[in-house]
Structure formats: C-alpha cells, structure tokens
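Dear colleague,

I am handing over the structure below, and I would ask you to look through it before reading my notes on what was found. The notes concern pairs of charged side chains.

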Amino acid sequence: MYLIVLLLPFINAFFLGFCGRLIGTIGSGVLSTICMGSSTLIALLLAYEILVNDAVVHIELYKWVESEILITHVGLLYDTLSVTMLLVISSISTLVHIYSTSYMSDDPHVPRFLCYLSLFTFLMMVLVTSDNYLQLFIGWEGVGVCSYLLVAFWTTRIQANKAAIKAIVVNRVGDVGVILGMILIYKTIGSLDFSALEAGFVKPPILDNGARLDPWAPWAPIGILLLIGCIGKSAQLGLHTWLPDAMEGTDSNGSRAPQHKWTAGVFLMIRSFPLFEKAPLALLIITIFGALTAFFAATVGLVQNDLKKVIAYSTCSQLGYMVLIIGIEGSHNVGLFHLFNHAFFKALLFLSAGAVVHSTNYDEQDMRKMGGLIHSIPFTYTMMLIGSFSIMGLPYLTGFYSKDLILELTYSGRNMGVPYFISEQGHHLESLEGSIGSQGGDKRPWGGAEGSGPAPLAPPLIALWPESEPSRGSAFAFWLGTFAAFLTAFYSIRLVYITFIISPNSSKESLISSHINIVDKRVLTVLSLLCFGAIFFGYLFQDILIGDIEHPIVPPFIKVLPTLAGVFGMSLSLLLYWGFDSIGPLFILPIYSFLGGAWQFNHTINKLIAIPFFNFGHWGTYKTLDRGWLELFGPQGAGYLGTRVSQAISNLQSGVISRYALVLLSFTIIFLSLWG
Amino acid sequence: HAQRVTRLYRQCLRHSLSWIIERDKWRREAVCIRARFDANKNITNMTVANQLYEEAMKEFNLYKHPDPYVHPDSPGGVRYERNIPPP
C-alpha cells in the first residue's frame, strides 16, 4: 500500500509515455482515471491510518549511497506532513487528470500530456514521502523538469518554450541554495536524514573548549540557504519571475499541476522546521519574505487582465502567507493547513477559469473580452464566486479557517527575539542581543571585559528561548498581510465582475459559443467536488491538522480586521468598476504600468544580472578563455605554434648562399663576444 | 501622412478600449477621439499637420495602455502558434 500509492502514477506515466499512441485519447483518459483514482483511494486509507490514528510509518527500502563520507538510503516516511501532502497531491492530480480528458479532448497530444502530469505527480509524491534530503532533492529536481515539460507542452509555441526555459533556469538558482544547505546540514549533524535532524536538536548547540558561542552558526546560514531554495521553487519575491510566464504554455489544468511544485518549497521549510526553530534570524527573514511576497503579488494581481495571470499572482500571494506563518514559532502546522485549504479553492479557481476560457470562441483569456457570462455559464460563475469568497477568507468558508488564524498568530508573533543563556550552575547570563552584529565584541554573556581579547574557557551553556513580545518583524508582517487580504478581495471580485457581471464585451460568435458549449459532465463533477472542498474542508480538517494550535487572544478589532479588509476590498472593487467609467487621473498611469510590469523585476533582473552574465559568458569565458587563452596554450595552440615554428625554420633553408654566410657570420660574432 | 494618421487613430481606439473595458462607455470616448481627429482633417499645411501629428503621438504615448489587448490567434496572443502543422 505504501509503495503502490507512489507506483500507480509512475506506471500510468510509463505506460502512457510509451504506449499512449496505441490506446489513444480515450484509452489514456480511462487508464489515467483508474490509476490516479486508485492512488487517491490509497492515500485516503493512509490518511485514516496516519492522521486519524496518529501513527507514523517509516520504511527503509534499500541502501543507496554507501561511502566513507556519506551513507544514505532510499526510504519512505509517512507522517502527518507527508500524508497531508499526499492527500492533496493525489486528489487534486486525479481531478486534474479527469478534467484534462474533457478540456483537452481536441488536442492531438493528450496521452503525452497525461504522461507528463502523472510523472509530475509521481515525482511530487517521491518528494513528500522521502525520509532524507537527498531523496527529497531527487523529487525536487524531477518536479522542476516535469514543470518544464508541461509548460513547454505546445512545443511549436515560442513563448511557451521561453517560459519553460525561464522557469527551469530561475528554479536552478534556488536549487543551488538547497544543495549548499544540504552540504552544511551534513557537515553539521553528519547525516541527511530527517530523523537525525530532529535528534540533532535534542541538545541545543553547545560549544566546547572556549570557542565563542555564536548562536547564529550554522543554523541561520542553513536556514537561509533552504529559504533560497523555497524562494526559487515557491516563487517568492526575487525568484518569482518565472511564475506568470509559466501560465503562457499550458491550459488551466496544466497550470494547476505546477502548483504542486510551488508548494514543494513550503513543504521543505515545514519539513526542516526543527532546524529553523534554532535560527531566529532565519525565521525573521522568512516572515519578512513571506509578507513581502504576499503584498507584492497582491499588488500585481490588481492590474492583470489575463484570467490565469490574476489567479497565478493570487497563488503567489497565498504562498507568501504560507511562508510568512512558517516564520512564526510553533505555527508551521498552520502553514500546512493553509496549503491544504489553498489547494482546493485554488484548484477550483483555476479549473473554473479553464471552463470559462473553453466556453469562449477563441480560447479567450483576456477578461476585457468577456463579460455577461453569468447568463451563459451560471454554474461556472457560481464555482468561481465560491472560490473567490474562499480565498478572500469570508467567514466559515475553507480559506477563513487558515487565513484568519495566520494573521492572528502573526499579530501575536513569537520568536522574533534572541536567545539568552544560562550556565549549568544556573547563572543567568546577559542576552546576546546587543552583541549580535556589533563590532569589537561588546557584551560577553560569559563574562570578560569589553575588548579583552578572546573569550576565556566558557562554562557549559544552555541556550533558552525567551518569551518574546510581538516584535517589529511580526507587526510588519501582520499589516502587510492584512493589506494583502484587502487587495486579494479587490482583485478577486474584479475578476468575477469583469468576467461575468458587466455587459458583454466579446464578439457575437464568442457569446453564442458560450451559450452553445455545454459544460461537460466530467468538468461539472470535478468542479463540484472542489467546491465541496472549498466550502467545508477547512472546518472538517482543522482539528486534525491544527488541533494543537492555540488560537491567540487578540483584541476584537484585530480579530475582525481581516474580514473587514476583505469586505472593504470587495466593495471598493465593485464601486470603482461599476461607478466610474473614465480612465482615471493621470498619476494612476505610471502606477498601473509599474504594477502591470510586476514592479519591473523582469526588466531590472535583465539589465543588472542576465545581460551582464550573458556578456561575461560570451566575451569572458567563451571568447577570451575557451576560444582564446585555452586554445592558445592548449593542444590547438601547441599544434599551431609547432606548424608556424617549423614553417619559419624551413623558410630559413632558402637555398641562397649569401644568407647561409650571413647566419654563419652572425652566430660566430655572437659566440666570440659571449665566450671570447 | 494619411496612412500614419489613420494608423494613429486606430491605435488610439484600440488602446482606449483596452482601458475602458465596457463598450458602451468606450463608445463615448471613441466619439470624442473621432471628433478630435475630424477637427483637424481639413488642414492642408504640412508643417502644421506634422506638428499636430507629433503632438498627438506624444499624447498617445502618454496614455497608451501598457498591456493592450491582443487577439488569441495574433502574434503575442495566447493561442498563437499552438499546435501548428509541421512544414
């Protein structure tokens, strides 16, 4: 059972990849539905065993690397985190497979598409069920490759190919962080197993033999490196540029699958949480990055006109929330809960968007050419509205349970403080707060005058973590997160309003087409199931996933603020788009351009990083080094030199006596002058 | 000159439609744009005409949409070059 849940998607991918053409589109659809559906049922059984019965299953399959410096194995770990992810991946993937059989029925390459989807699902499952970092990295890279294949599915489309290359190259930057983080982890605790990670922190980091106690090393660098990996994979601010372009290549269903890849970064952070707990600096950076991402993506989503790009930036914003809450001590399970909830209402939004696109005449994705679709596709409208309300966090829908809790926990944010130390004798030592980052070593918690040189032999120290007050970091994150909630409501309702409610702006053929194209039963079923999840799963699963989280006590105004922000955003959006018909004041134009260009990150990265690196790669390493110096001093240069020298020497044999006499005379004079 | 003015007029209409999504509201703006072009349609002095054209281009560049609408099957559209048959 534990292996079959992984192998079924792989078998499906293998078979479709090699024999998909033989069984055709319908056969591929049937096979995919059977395999993925079975995998989901097994995942449900596992969920009952692990989540409900509170069990943990660890299976060591076989030894993988057995060398002097590294011993690791292939194993499967089924705990709350991995089974929750497994449930999300298998269920959403199954629904996407079923949806694709309808949505892409006109495409000639459906078996290949379903093969890529299944392979992606398999590798994602490998990632979440791995019990060590090396195996996780296999899945990590694999989902990147599968994402490339899915984004570039329409290989004839230049934009899709460019987007795929961009995605894999930007992800690679994050992968470097993960690799370096893994190396540091291995150097620190001697193993890459997750069990060793937890065991390694039974005792806090105590240095011996007089080495200065440095609470930052190495946990903070490891945390920051893993965060870089998360930034790349989960499209956080800085390495997010591939995300909107990834919407270029595929249909909505194909966009949905890479979303699992986006959650891989969040999964890595949650899995590495024993490590992050001991690195308050890393936690602070994580919270700030998450808040900034949530805010940034929400501002950009405000001005997008492509249906899928609005939802893509919305996903980026919600990933920011997940990362944000991971930075708050003891709240990483809330990040997992939000990931779980988000999977369902975001899938609902994406697949509903696909249904909208499919109902129009030209697969129109620009909202400006929609409008009035509430009359032609009312079911899809309802699904989209429910998904939007859920993402806004309106009370008692799925999104409410996680999103509000995130903001409340952020408001009462803990662990933004710095550790203090006591010796084994129980002497309380000063906090290192003043000495961190200072020059010249001011405060020495274990005594010694300022500037008195290296610390004396330090007594054994025990690091404790203070009961901290809500810090500036958590306040910053809270207000950004709340403002992002307001913006989320704004662009969600803007999307629904422009697409469905305003008067039709499309061509006559498109309108007729939307009336004629009846939504397929498979699409109806999938959307209905997701709708159920978007409404009820938050309530149903909160006890299982976050039952141990205590809701913080916050002022009543703070408690209702996220909901008020959502309602205000919704109202403002309706007011602006219904009540005003002019372009607006002139100063809005540069703001609109700035936001529409995603804060000009693409332009900036191109100018400052991409083009200089390309130029260096071409003129520096290629022309000057490879084709220049290395060839000159290498085999080619040696051959060329030999040829030229031998030619020059042979030219000396000119056959002219006077030249021979001249050479003879010259050397005689030189010889006599030197040794004469 | 007529061709470039016509093209500018067409671009003004397209970009204004990208801004003002609803067609009934856009119609008002389209009529205003047409009126502004018609007000200068009888000018025969090329110097004046060129100057008016330059000013109009400046104003267009100021107001143009950063993300104008592109038809899905046109270059830059979402369905462009999708599943094209092999040569």
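A residue is called buried when its relative accessible area is under 20%, exposed when that area is over 50%, and partly exposed in between. Please keep in mind that this is a predicted model, for which the predictor gives the complex an ipTM of 0.89 and a pTM of 0.84. Chain B has an average pLDDT of 90, and 100% of its residues score at least 70.

Side chains of opposite charge can pair when their charged atoms come close, and over all chains the count comes to 14 salt bridges. One of these joins A:Arg172 to A:Asp175, with 3.7 Å from N to O. The two residues are about one helical turn from each other, because they sit three residues apart in helix H5 (residues 158–189) of chain A. A:Arg172 has a relative accessible area of 40% and is therefore partly exposed, whereas A:Asp175, at 4%, counts as buried.

Also in chain A, the closest N and O atoms of A:Asp520 and A:Arg522 are 3.0 Å apart in a salt bridge; A:Asp520 is partly exposed at 26%, and A:Arg522 is partly exposed at 35%.

In chain B, a salt bridge of 2.9 Å, N to O, links B:Glu59 with B:Arg36. B:Glu59 belongs to helix H3 (residues 46–63) and B:Arg36 to helix H2 (residues 23–39), so this pair ties together parts that are 23 residues apart in sequence. B:Glu59 is partly exposed at 31%, while B:Arg36, at 52%, is exposed. Finally, A:Asp363, B:Asp73, B:Arg79 and B:Arg82 are joined into one network by salt bridges that share partners.

Conventions:
Residues are numbered from 1 along each chain as its sequence is written. Chains are lettered from A and ligands numbered from 1 in the order in which they are written. This is a predicted model: local features need pLDDT of at least 70, side-chain atom pairs count only at pLDDT 80 or more; totals for chains, interfaces and linings use all residues. Side-chain values use heavy atoms; hydrogens and water are left out. pLDDT is the predictor's confidence in each residue, from 0 to 100. A salt bridge is a side-chain nitrogen of Lys or Arg within 4 Å of a carboxyl oxygen of Asp or Glu. Helices (H or I, at least four residues) and strands (E, at least two) are DSSP runs, numbered from the N terminus. Buried means under 20% relative accessible area, exposed over 50%, partly exposed in between (1.4 Å probe, protein chains only).
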